[in-house]
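Please consult the sequence and the structure shown below.

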Amino acid sequence: MTPEAFAEGFNSLHPPKHLALALSGGRDSIALLRLCACYARQTGMALTAFTVDHGLRSGAADEARQAARWAGEAGVDHEILQWTGDKPSSGVQAAARQARYRLLIEAAQAAGCDGLATAHTLDDQAETAFMRLSRGAGPTGLAAIRAQGFAACGAGAPIRLLRPLLGFSRAAVTAYLAGIGQDYVDDPSNDDPRFERVRVRAVIAALAEQELLTPEALAETARK
């Protein structure tokens, strides 16, 4: 992964004039921050990063502030968004995802952004396709994550949703960050086997090790 390769793929999505970026502080979103910041400097695209503090873990507020510092170091405007109110006792991940998109879309539109970028990678694509396959999904479901589309918050106007890292693997993202000396936050939930995606990730890794099924093959199936 290089800024040049990223820019080539990003150009195919016809980036907006003012892009909002979902920044968790994790590996993928930090890579997207640095790549988009480089792209913005070269093209004049305006860029604003938003971090959602879900308030679900004791260290979440500190991680949001660290994300803000990294955004500042990259020369990118940044805002922390808070998920307030009562949290559900079950289905927390789904509720947090819904709240995150609501907050991001509202903040992006309030800031005058005409697109929102998230940091889904090829591995996220493979995991999503695998999970949908396990539920017996047909061709539409197996398309999994789209490189671009629209997202709306309630009855509000939709915003363009872009996923410019979808063609890059998690390993490529990790290597890119190591190459530029950029640190990132590790979310402990990414290793928690209570979550389906974590278990699926382990299964795909085991299948790839036995040369039976790779993330690249799953992602290619989704693309087709």
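The model is predicted, so local features need pLDDT of at least 70 and side-chain atom pairs count only at pLDDT 80 or more, while totals for chains, interfaces and linings use all residues. Residues are numbered from 1 along each chain as its sequence is written, and side-chain values use heavy atoms, with hydrogens and water left out.

**Helix contact.** Helices are DSSP runs (H or I, at least four residues), numbered from the N terminus. The axes of helix 5 and helix 9, lines fitted to C-alpha atoms over the stretch in contact, come within 8 Å and cross at roughly 75°. The two helices are therefore roughly perpendicular to each other (65 to 115 degrees).

**Second largest pocket.** Helix 9 gives the most to the lining of this pocket, with four residues. Of the 17 lining residues, Ala147, Arg163, Leu166, Gly167 and Arg223 lie nearest the centre.

| Group of residues | Nonpolar | Polar | Charged |
|---|---|---|---|
| Contact of helix 5 with helix 9 | eight residues | one residue | two residues |

In these classes, Ala, Val, Leu, Ile, Met, Phe, Trp, Tyr, Cys and Pro are nonpolar, Asp, Glu, Lys and Arg are charged, and the others, Gly among them, are polar.

A pocket is an open set of points on a 1 Å grid over the protein atoms alone, where a 1.4 Å probe fits, with protein on both sides within 12 Å along at least five of seven lines; lining residues have an atom within 4 Å of a point.

Conventions: Axes fitted to C-alpha atoms, helices over the stretch in contact; angles between N-to-C directions. Parallel < 35°, antiparallel > 145°, perpendicular 65-115°, else oblique.
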